[in-house]
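Hello,

Here is the structure I promised to hand over. Please open it first, then read my notes below.

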Amino acid sequence: MKNRYYVTITDLKGMKCYSFDKIIKKYLLILGIALLFSISALVIVVLVLNHKVKEYSYYRIQNEELVKKIDENKKEYLKQIEKTKKELSARELELENITVKVQEIEKLMGEDVDYKKELTETEKLDLAKMSVLERKLLLQVIPSGIPVVPFKGYSSLFGTREHPVLEKTIYHYGLDFKATKGTPIITQADGVVEFAGYNSGGFGNLVIVDHGYGFKTYYAHMSVITTKVGDIVRKGKKIGEVGSTGRSTGPHLHYEIHYLGKRVDPMSFTEWNIDNYNSLFEKEKGVKWQSLVEMIRHQMQAFQEKK
């Protein structure tokens, strides 16, 4: 009897007595504990699922916002593409006009330049009679002046020299300007950027500007390039900064002037200004100045007629 338990239930009909063994009590206890754990586990699962639902809702909202932002960016991108197309069309038109201008001037001048031919007296007289406006325009479209600010002199001139890197005597086709890294580099005439990037042939970071009329200028060894291909630049516009990239022993600007595909000594061009205007015509005999001036006058007349 010690291992039994009695439960008495009384109601209106009378009293009933039930007895249980201890072993049944243990089973009931275990069952109760198991039921408690089950309920706890269920509660935890419900909480986790609720958290996952909230997390899903959060990411769904984030995803919707991201999709909306992507759509907005796409619309803006399409607008930019359309704007760029229009700008490119305008630049292509300007480039086409410049190309025609170069072709015309090259046709007038020809490729067979005689560097020893002196100007005739008639040509000298015509050049001397140029108006102030014509002279200023020529200075604007033909490379002139110093391409680094401030100017600190030259480290190497145009001509034969001992190359500091190759350690052999070769021809130096430009002027090397002394300058510290970061010194601004400016264009020497109006033109269009033909090349802006790294040149593996020794120039390092290089910018080439096509000025029309057969002239191009090269700016080499830059540390920073601040322009890009297709940009229309005006005389005095900053296009980069002095550096020592490529085949170089220290910061400087290597500057070249090309005329109809031939490299000319930039020195007389860097010294050319309104005060010594006729000096360049005498020093630089490789350019057919008379034909070039006639082209300038023709364009000025056409411009004034349009006005």
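**What I found**

Please keep in mind that this is a predicted model.

Start with Ile-39. Its relative accessible area is 47%. Buried means under 20% and exposed means over 50%, with partly exposed in between. Ile-39 therefore counts as partly exposed.

Where does Ile-39 sit? You will find Ile-39 in helix α1, which covers residues 22–109.

Now a general point. In soluble globular proteins, nonpolar side chains tend to be buried together.

Next, look inside. The largest nonpolar core has 37 residues. Which of them touch the most other members? They are Leu-138, Ile-142 and Phe-215. Helix α6 (residues 289–306) gives this core its largest share, five residues.

Zoom in on Phe-215. Leaving out residues up to four places away in sequence, Phe-215 touches a list of residues including Ile-142, Pro-143, Val-209, Phe-269 and Leu-292. Asp-210 and His-258 are also among them.

Finally, the whole chain:

- The chain has 307 residues, and 33% of them count as buried.
- Its secondary structure is made up of six helices and 14 strands.
- The accessible surface is about 19700 Å², with 58% belonging to carbon and sulfur atoms.
- Take the contacts between residues at least 6 apart in sequence: 63% of these join residues at least 24 apart.

Best wishes

Notes. Residues are numbered from 1 along each chain as its sequence is written. This is a predicted model: local features need pLDDT of at least 70, side-chain atom pairs count only at pLDDT 80 or more; totals for chains, interfaces and linings use all residues. Side-chain values use heavy atoms; hydrogens and water are left out. Helices (H or I, at least four residues) and strands (E, at least two) are DSSP runs, numbered from the N terminus. Buried means under 20% relative accessible area, exposed over 50%, partly exposed in between (1.4 Å probe, protein chains only). A nonpolar core is a set of buried Ala, Val, Leu, Ile, Met, Phe, Trp, Tyr and Cys residues joined through side-chain atoms within 4.5 Å. Contact means heavy atoms within 4.5 Å. Accessible areas come from the Shrake-Rupley method with a 1.4 Å probe; for residues, only the protein chains shown count as cover.
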